[in-house]
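Colleague: I have a new model to look at before the group meeting. Could you walk me through it?

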Amino acid sequence: MKTPANLLLLALLLALLNACSSIPHTVAEEEMSSDWNGKAFEDLLVIGAYTDKSFRVSAETQFVEELKSRGLKATASYKLIPDTTALDSNDEIRTKLATMPHDAILIIATLDEGYDYDVGDYYATRGMVYLLGGKPGAATDMGAFIAWAGSGGYSLYIGLWDAQKYEPVWQASTSSETTGSESQDTKALADFVVNTLRGKGLL
């Protein structure tokens, strides 16, 4: 007996929800400085290393609020350093930071945006797309849904830098999965960063 298309869609949605319930962020690679003096940092300047100004403002603002809700002192950098691309040298960066009260800089950047729907995905998902009553291909509604349902993987750079020395204390790349919600992604990232850095005695 042929399974109704709406039941197949429900099964796909449940599979997606189960995938999203897993841990959103894990450390792929990390490096800890041997020069760290063991003292926890107390005042973070958050820099979202993104050239799109509106995205940077939104990302920094949301992330700082999440950090504050977890008992940390944190400040978004976009007002203090409006254009990170205009800082041409370490000396210029040190001069800028010397005027600020923060003892650490938390830098977040996207290393790999993740999923691209290609010819392999076309062949891998076309059967399911047809069963759900759509046409395969990322440009179609159903094809785009399948592409999104099978996506979500991306990688971030997260670095905690000593603001006085402008040297990295801890750096990591992540293996990350989106929840499908920007606010939930931000909360998950804040949990990951705070728990990881507190676990190492850095916060």
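Modeller: We can go through confidence, then the sheet, then a few individual residues.

Colleague: How far can I trust it, and what is the average pLDDT of the protein?

Modeller: This is a predicted model, and the protein averages a pLDDT of 76, with 67% of the residues scoring at least 70. Among the elements, β3 has the highest mean pLDDT, at 96, whereas helix α1, residues 5–20, has the lowest, at 43.

Colleague: Which stretches have a pLDDT below 50?

Modeller: One is residues 1–21, a stretch that makes 15 contacts in the model beyond near neighbours in sequence. Another is residues 142–151, where the pLDDT is also below 50 and the corresponding number of contacts is 26. Where pLDDT is low, the predicted coordinates should not be read in detail.

Colleague: OK, on to the sheet. What is the strand order?

Modeller: The sheet is open and has six strands, in the order β1-β6-β5-β4-β2-β3, and the pairing is mixed. At the edges stand β1 (25–32) and β3, and each has a single partner strand, so one side of each is left without a neighbour in the sheet. From one strand to the next, the twist averages 25°.

Colleague: And which pairs run parallel or antiparallel?

Modeller: Strand β2 is joined to β3, residues 73–76, by four bridges in the parallel sense, and β2 also pairs in the parallel sense with β4, residues 104–112, over five bridges. By contrast, β5 (residues 153–162) and β6 pair in the antiparallel sense, over eight bridges. If you want landmarks to click on, Leu44 stands opposite Ala74 in β3, Leu45 has Ile105 in β4 as its bridge partner, and Trp161 has Pro168 in β6.

Colleague: Is β2 buried or exposed?

Modeller: Six of the six residues of β2, which spans residues 43–48, are buried, so the strand is largely enclosed by the rest of the structure. In a regular strand the side chains alternate between the two faces of the sheet. Here Asp43, Leu45 and Ile47 point one way, while Leu44, Val46 and Gly48 point the other way, and all of them are buried.

Colleague: What about the helices, which ones sit against those strands?

Modeller: Helix α2 lies across β2, β3 and β4, and runs at about 150° to β2. Together, β2, α2 (residues 53–69) and β3 make a right-handed β-α-β unit. Then there is helix α6, residues 182–199, which packs on the sheet and touches β1, β4, β5 and β6, with its direction at about 40° to that of β1.

Colleague: Back to Asp43, then. What does its side chain make a polar contact with?

Modeller: The partner is the side chain of His102, at 2.9 Å. Asp43 lies in strand β2 and has a relative accessible area of 7%, which is under the 20% cut-off, so it counts as buried. Leaving aside neighbours within four places in sequence, Asp43 is in contact with Lys73, Pro101, His102, Asp103 and Ala104.

Colleague: Switching topic, where is Trp170?

Modeller: Trp170 is in strand β6, which covers residues 167–177, and at 1% relative accessibility it counts as buried. Its side chain is joined to that of Glu30 by a polar contact of 2.8 Å. Not counting residues up to four places away in sequence, the residues that Trp170 touches include Glu31, Met32, Ile158, Leu160, Leu197 and Leu202.

Colleague: How many residues apart are Trp170 and Trp36?

Modeller: They are 134 residues apart in sequence, yet their C-alpha atoms are 9.0 Å apart in space.

Colleague: And Gln171, which side chain does it pair up with in a polar contact?

Modeller: That would be the side chain of Tyr157, at 2.7 Å. Gln171 also lies in β6, and, again not counting residues up to four places away in sequence, it touches Glu29, Glu30 and Glu31 as well as Tyr157, Ile158, Gly159 and Trp161.

Colleague: Last one: what is phi of Tyr166?

Modeller: Phi of Tyr166 is near 50°, a positive value in a residue other than glycine. Tyr166 is found in the loop between β5 and β6, and it is buried, with a relative accessible area of 15%.

Key. Residues are numbered from 1 along each chain as its sequence is written. This is a predicted model: local features need pLDDT of at least 70, side-chain atom pairs count only at pLDDT 80 or more; totals for chains, interfaces and linings use all residues. Side-chain values use heavy atoms; hydrogens and water are left out. Helices (H or I, at least four residues) and strands (E, at least two) are DSSP runs, numbered from the N terminus. Buried means under 20% relative accessible area, exposed over 50%, partly exposed in between (1.4 Å probe, protein chains only). Contact means heavy atoms within 4.5 Å. A polar contact is a pair of N or O atoms within 3.5 Å; within protein, one must be able to donate a hydrogen and the other to accept it, and residues adjacent in sequence count only if both atoms are side-chain atoms. Two strands pair if DSSP finds at least two bridges between them. A crossover is right-handed if, with the strands pointing away from the viewer, the path from the first strand over the helix to the second runs clockwise. Axes are lines fitted to C-alpha atoms, for helices over the stretch in contact, and angles run from 0 to 180 degrees between N-to-C directions. pLDDT is the predictor's confidence in each residue, from 0 to 100.
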